[in-house]
Amino acid sequence: MRNEKLISFGQRVRELRKNRGLSQEAMAALAGVDRSYMGHIERGEKNITLTKIYQISDALEIDVADLFPRPQEKS
């Protein structure tokens, strides 16, 4: 069963990684996780721990809150 929150989080991680010009392998190395695990995160297949979330935010040099997608503002 697919969890839309995990998928949305993973898409946000992928977006931020690509915006910084990082390969999945480089991102995984910076975050201290295996490349295949990073792929699982980006595809929304893993419900990761808070520790991993902090590792990812540190690797991207952003605040943890910036990893979470924000709802689109209604016009």
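## Buried or exposed?

Let's start with a handy definition: a residue is buried if its relative accessible area is under 20%, exposed if over 50%, and partly exposed in between, using a 1.4 Å probe and protein chains only. Take Arg 14: at 27% relative accessibility, Arg 14 counts as partly exposed.

Before going on, a word about the model. It is predicted, so local features need pLDDT of at least 70 and side-chain atom pairs count only at pLDDT 80 or more, while totals for chains, interfaces and linings use all residues. Residues are numbered from 1 along each chain as its sequence is written, and side-chain values use heavy atoms, with hydrogens and water left out.

A salt bridge here is a side-chain nitrogen of Lys or Arg within 4 Å of a carboxyl oxygen of Asp or Glu. Searching the whole structure turns up four of them. One pairs Glu 15 with Arg 12, with the closest N and O atoms 3.3 Å apart.

Both residues sit in helix H1 (residues 4–19), three residues apart, or about one turn of the helix. Helices are DSSP runs (H or I, at least four residues), numbered from the N terminus. Glu 15 is partly exposed at 40% relative accessible area, whereas Arg 12 is buried at 18%.

## A network around Glu 42

Which residues are linked in a network of salt bridges? They are Arg 14, Arg 17 and Glu 42. Arg 14 meets Glu 42 at 3.2 Å, N to O. That pair links distant parts of the chain, with Arg 14 in helix H1 and Glu 42 in helix H3 (residues 35–42), 28 residues apart.

Arg 17 also bridges to Glu 42, and here the closest N and O atoms are 2.6 Å apart. Again distant parts of the chain are joined: Arg 17 is in H1, Glu 42 is in H3, and they are 25 residues apart. Arg 17 is buried, with a relative accessible area of 7%, and Glu 42 is buried at 1%.

## Where H2 meets H4

The axes of helix H2 (residues 24–31) and helix H4 (residues 50–60) come within 8 Å and cross at roughly 115°. Axes are lines fitted to C-alpha atoms, for helices over the stretch in contact, and angles run from 0 to 180 degrees between N-to-C directions. So H2 is roughly perpendicular to H4 (that label covers 65 to 115 degrees; under 35 is roughly parallel, over 145 roughly antiparallel, and the rest oblique).

Contact means heavy atoms within 4.5 Å. Met 27, Leu 30 and Ala 31 of H2 make the contact with Gln 55, Ile 56, Ala 59 and Leu 60 of H4.

Definitions and conventions
Helix = DSSP H or I, 4+ residues; strand = E, 2+ residues; numbered from the N terminus.
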